[in-house]
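Reader: I would like to go through this entry and ask, term by term, what each label rests on. Please show me the sequence and the structure before we start.

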Amino acid sequence: MLSQEQSEKTVFSNDVVGGLRQRAWVEINLGALAHNVRQLKGLLAAKTALMAVVKADAYGHGAVTVARTALSAGANWLGVATIPEGIELRQAGIDAPILILGATHTPEQLKAIAHWQLQPTLCDPKQALVFSETLAATTGGNLPVHVKLDTGMSRLGPLWEQATEFVQLVHSLPHLQIASIYSHLATAENPDRRIMQQQQQRFETAIAQVQAASMSLPLLHLANSAATLTSPDLHYDLVRVGLAMYGLYPAAHLSSSVQLKPVLQVKARITQVKTIPPNTGVSYGHHFVSDRELRLAVVGIGYADGVPRNLSNRMEALICGRRIPQIGAITMDQLMLDVTAIPDVAVGEVVTLLGQEGKEQITADDWAAVLKTISWEILCGFKHRLPRVAVNREQGAGSRE
Ligand SMILES: *Cc1c(COP(=O)(O)O)cnc(C)c1O
């Protein structure tokens with residue numbers, strides 16, 4: 001354990017996070033992100049492109065920073081869910097091709113898409129007609145579009161049996177240029193591959209029929225992170241990678257394929273330390289009552305920042321490389337730890353809620369297991385109240401976003 005003087009030196013000299021002014025923050029390791037992109041690129045054939053999926057503010061990591069880093073590490077495309085997410089990247093000066101993975105419908109949306117040079121997903125005949133007519137009436141130019149087929153996800157797109165009909169329609173409409181045909185897998189992280197194989201067969205069948213109708217084939221893509229890690233025959237011309245780029249494995253059995261590093265860490269500072277006597281209730285509802293005298297630390301982060309309240313009494317945090325239990329209900333802006341094991345811990349000390357300190361590590365998968373959810377949801381849960389601090393751990397340098 002550091003003495004108070006040493007720990008103050010360690011803690012407060014860190015201007016990156018504004019010293020004590022910063023109660024809590026998310027640290028984004030751009031070195032880890034670039035490493036992950038390079039690892040994933042290494043799995044792909046030379047002709048296969050990598051789309052960095054940066055929807056939902058890059059799964060909570062910060063879309064602009066992630067997009068720039070991913071592109072310079074070898075990503076070729078960007079994937080977003082909505083038009084505003086695409087515009088944010090364009091306004092930041094990013095000129096890589098951007099696919100909108102979600103549905104868009106109206107002439108106004110189409111105008112924004114064309115203006116910002118985004119590329120929409122086409123999933124419905126009516127949408128295709130509206131887009132073609134709107135382009136005819138406005139710019140008169142051509143727009144690259146991406147045809148989405150439903151091969152078993154039962155989400156966007158016409159059913160795979162209607163692929164030829166739909167592709168023919170889009171093909172026949174003026175101003176729409178089919179840039180790709182794609183589908184999305186429902187069970188790629190499942191060790192049982194049967195449903196995924198059925199989806200792939202349907203995709204292949206649909207593609208063969210499109211080809212038989214003497215239409216030339218655009219780019220084809222099917223793989224998310226799990227499929228990218230599973231097998232090269234799922235890669236086609238492009239893989240759409242989200243979770244793995246952020247350094248998490250879609251499933252434990254996929255962890256041997258490449259070595260990924262978690263990009264995001266969540267940190268906060270101790271704001272008060274005190275000793276409470278035995279039989280003292282802690283936090284709302286007194287769901288924790290001390291069975292002995294204990295040293296309690298208050299930490300400046302809570303459920304409004306994205307630490308799920310359902311982790312109350314069921315999570316740990318890292319301080320000075322040691323695992324420390326969280327106690328009592330997590331409140332909106334603060335939570336409490338039992339720091340009896342390190343009694344001289346000081347106000348201002350950094351607590352790692354997600355991340356690594358020395359040999360100890362707490363991952364989004366750990367939280368997801370307790371909460372019976374998936375790591376994707378954990379990552380997306382960190383709110384904008386938490387500033388994002390970009391670091392490059394290899395270089396030890398940092399800069400505020
Ligand atoms: C979100 C998304 C992805 C990325 O999925 P990961 O499992 O995070 O890699 C790929 N394709 C589509 C259509 C998506 O919506």
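Author: A residue is buried if 20 or more other C-beta atoms lie within 10 Å of its own, exposed if 12 or fewer, and partly exposed in between, with C-beta atoms placed from the backbone. This is a predicted model, in which local features need pLDDT of at least 70 and side-chain atom pairs count only at pLDDT 80 or more, while totals for chains, interfaces and linings use all residues. Residues are numbered from 1 along each chain as its sequence is written.

Reader: Why is Met332 called exposed?

Author: Met332 has 11 C-beta neighbours inside 10 Å, and therefore counts as exposed. Met332 is in the loop between strand E15 (322-327) and strand E16 (335-338); helices (H or I, at least four residues) and strands (E, at least two) are DSSP runs numbered from the N terminus.

Reader: What makes Arg155 exposed, and what is Arg155 in contact with?

Author: Arg155 has 12 C-beta neighbours inside 10 Å, so Arg155 counts as exposed. Beyond its neighbours within four places in sequence, Arg155 is in contact with Asp150 and His184. Contact means that the C-beta atoms of two residues, placed from the backbone, lie within 7 Å.

Reader: Which residues does the "binding site" annotation cover?

Author: The UniProt annotation, from an unreviewed entry, covers Arg155 and Met332. They are spread over 178 residues of sequence and are up to 34.6 Å apart in space between C-alpha atoms. UniProt positions are in the numbering used here, feature names are shortened, and annotations may be inferred rather than shown by experiment.

Reader: Why is Met153 called partly exposed?

Author: Met153 has 15 C-beta neighbours inside 10 Å, so Met153 counts as partly exposed. Met153 is in the loop between E6 and H8, and the place of Arg155 is in the loop between strand E6 (143-149) and helix H8 (163-172). Leaving aside neighbours within four places in sequence, Met153 is in contact with His184, Leu185 and Ala186.

Reader: What makes a residue part of a nonpolar core, and which members of the largest one touch the most other members?

Author: A nonpolar core is a set of buried Ala, Val, Leu, Ile, Met, Phe, Trp, Tyr and Cys residues joined through C-beta atoms within 7 Å. Met51 and Ala52 touch the most other members of the largest core, which has 113 residues. Helix H2 (residues 30-42) gives the largest share, six residues. At least three residues come from each of domain 1 (30-246) and domain 2 (264-391).

Reader: Which residues surround the ligand, and what classes do they fall into?

Author: The ligand is surrounded by Val53, Lys55, Leu101, His184, Asn224, Ser225, Ala226, Arg240, Val241, Gly242, Leu243 and Pro250. A residue is near a molecule or strand if its C-beta atom, placed from the backbone, lies within 6 Å of it. The shell residues divide into six nonpolar, four polar and two charged. Ala, Val, Leu, Ile, Met, Phe, Trp, Tyr, Cys and Pro count as nonpolar, Asp, Glu, Lys and Arg as charged, and the others, Gly among them, as polar. Helix H10 (225-230) and strand E9 (238-241) each supply at least two residues of the shell.

Notes
Domain bounds come from an automatic or database domain assignment.
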